[in-house]
Amino acid sequence: MTFPYLDIVLRSIAVYFFMTIALRVFGKKELSQLNTADVILILLISNSVQNAMVGPDTSLTGGLIAALVLFIINFIIKKLTRRYKVFGDLLLDKPQVLIHDGKLDFKALSKLDISDEELKEAMREHGIEFFKNVKLAMLEIDGTISIISEDQNKLKQTHYKRKHNRKNLQTF
């Protein structure tokens with residue numbers, strides 16, 4: 001007799017990879033700031049893919065096997081992305097330069113949908129008034145805008161994340 005839960009294992013793996021690709025395509029960075037609509041979307045997606053993973057098996061064992069497979073796949077993917085650059089490049093976003101030596105990267109700002117006002121607000125939060133005083137501004141992979149000023153004496157650690165679907169920043 002074959003493993004009776006092999007179907008659940010294979011379905012769970014397929015759903016995991018589908019969701020990974022979907023999040024990559026539709027903006028994984030946006031997950032750093034979840035609003036009400038995002039939480040509702042995640043809940044609805046989880047409910048919709050549950051049946052795709054377990055099929056007609058609604059037993060406790062079936063659910064636990066699906067959850068275990070997801071944990072194992074996630075663990076393996078994390079190990080692979082750390083060990084092999086090609087996996088990291090494929091699955092993980094990279095930090096993006098927004099300002100370098102006072103010069104804005106308009107192409108990156110447009111692609112990332114970061115407005116002039118949003119960038120100015122991040123600069124003000126870092127104690128910087130003018131673009132020319134920014135040595136480096138980066139949109140980090142977690143949605144944080146980090147800024148290094150020309151004035152090394154003013155360096156301070158701050159954490160600001162973009163709000164999803166909004167044109168301002170939130171302080172943490």
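Strand pairing, salt bridges and aromatic contacts

In this predicted model, strand 1 (residues 96–100) and strand 3 (residues 134–139) run antiparallel and are joined by 4 bridges. Within this pairing, Ile99 stands opposite Ala137 of strand 3. Strands of a sheet pair through backbone hydrogen bonds, in either a parallel or an antiparallel manner. The sheet here is open and is formed by 4 strands in the order 2-1-3-4, with antiparallel pairing. Its edges are strand 2 (103–104) and strand 4 (145–149), each of which pairs on one side only.

Salt bridges were then examined. Side chains of opposite charge can pair when their charged atoms come close. A search of the whole structure finds 3 salt bridges. One of them connects the side chains of Arg11 and Asp7, with an N to O distance of 2.9 Å. Arg11 and Asp7 belong to helix 1 (residues 6–26) and are 4 residues apart there, so about one helical turn separates them. Arg11 has a relative accessible area of 31% and is therefore partly exposed. Asp7 is also assigned to the partly exposed class, because its relative accessibility is 42%.

Helix 6 (residues 116–125) contains both Asp116 and Lys120, which lie 4 residues apart, about one turn of the helix. A salt bridge is formed between Asp116 and Lys120, in which the closest N and O atoms are 3.1 Å apart. The side chain of Lys120 also meets that of Glu117 in a salt bridge, at 3.9 Å from N to O. This distance falls under the definition because the nitrogen is to lie within 4 Å of a carboxyl oxygen. Lys120 and Glu117 are 3 residues apart in helix 6, so they too are separated by about one helical turn.

Asp116 has a relative accessibility of 36% and counts as partly exposed. For Lys120 the relative accessibility is 29%, which means that Lys120 counts as partly exposed. Glu117, with a relative accessible area of 45%, is likewise partly exposed. These assignments follow because partly exposed covers the range between buried, under 20%, and exposed, over 50%.

A search of the whole structure for aromatic pairs finds 2. The ring centres of Tyr16 and Phe17 are 5.7 Å apart and the ring planes meet at 85°, so this pair is edge-to-face. Tyr16 has a relative accessible area of 15% and is therefore buried, whereas Phe17, at 34% relative accessibility, counts as partly exposed.

The rings of Tyr84 and Phe87 form a further pair, with centres 6.3 Å apart and planes at 65°. This arrangement is also edge-to-face, because planes over 60 degrees apart are classed in that way. Tyr84 is partly exposed, its relative accessible area being 39%. Phe87 counts as partly exposed as well, at 31% relative accessibility.

A contact between a charge and a ring is present at Phe130. Lys132 lies over the face of Phe130, at 5.6 Å from the ring centre.

How values were computed
Residues are numbered from 1 along each chain as its sequence is written. This is a predicted model: local features need pLDDT of at least 70, side-chain atom pairs count only at pLDDT 80 or more; totals for chains, interfaces and linings use all residues. Side-chain values use heavy atoms; hydrogens and water are left out. Helices (H or I, at least four residues) and strands (E, at least two) are DSSP runs, numbered from the N terminus. Buried means under 20% relative accessible area, exposed over 50%, partly exposed in between (1.4 Å probe, protein chains only). Two strands pair if DSSP finds at least two bridges between them. Rings of Phe, Tyr and Trp (its six-membered ring) pair if their centres lie within 6.5 Å; planes under 30 degrees apart count as stacked, over 60 as edge-to-face and the rest as tilted. A charge sits over a ring if NZ of Lys or CZ of Arg is within 6 Å of the ring centre and within 35 degrees of the ring normal.
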